[in-house]
Amino acid sequence: MIYWLHIARQNDRTMLHKDRCPAVPSHNITTDFWEGGWFEYPDKERALAAMEQSGTNDHRKCPLCKP
Ligand SMILES: [Zn+2]
């Protein structure tokens with residue numbers, strides 16, 4: 001299963017999503033190093049490791065898809 005991280009640096013927040021979560025945009029995904037963005041990972045372990053290294057302090061799991 002694919003996992004997504006949504007990094008929002010302006011909110012100091014990173015949220016973990018499962019693939020096909022309605023909150024994950026299906027197109028027009030923009031990623032900016034300073035602003036953050038959507039990042040795709042092939043498994044949960046890598047997504048969680050990336051969340052630890054995201055540089056944000058608020059780490060959450062999406063309440064919609066419950067990853
Ligand atoms: Zn979600």
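**View 1. The largest nonpolar core of the predicted model.** The largest nonpolar core comprises 8 residues, namely Tyr3, Trp4, Leu5, Ile7, Met15, Leu16, Ala47 and Met51. Such a core is a set of buried Ala, Val, Leu, Ile, Met, Phe, Trp, Tyr and Cys residues joined through C-beta atoms within 7 Å; buried denotes 20 or more other C-beta atoms within 10 Å of a residue's own, with C-beta atoms placed from the backbone. At least two residues of this core are supplied by each of strand 1 (3-8), strand 2 (13-18) and helix 1 (44-52). Strand 1 provides the largest share, 4 residues. In soluble globular proteins, nonpolar side chains tend to be buried together. The model is predicted: local features need pLDDT of at least 70, side-chain atom pairs count only at pLDDT 80 or more, and totals for chains, interfaces and linings use all residues. Residues are numbered from 1 along each chain as its sequence is written.

**View 2. Surroundings of Trp4.** Leaving aside residues up to four places away in sequence, Trp4 touches His17, Asp19, Val24, Trp38, Phe39 and Glu40. Contact here requires C-beta atoms, placed from the backbone, within 7 Å. Of the contacts in the protein chain with a separation of 6 or more, 64% join residues 24 or more positions apart.

**View 3. Elements of the protein chain.** The protein chain contains 1 helix and 5 strands, arranged from the N terminus as β-β-β-β-α-β. Helices (H or I, at least four residues) and strands (E, at least two) are DSSP runs, numbered from the N terminus. The C-alpha trace spans about 25 × 25 × 20 Å along its principal axes, and 21% of the 67 residues count as buried.

Key: Buried ≥ 20, exposed ≤ 12 C-beta atoms within 10 Å, placed from the backbone. Contact = placed C-beta atoms within 7 Å.
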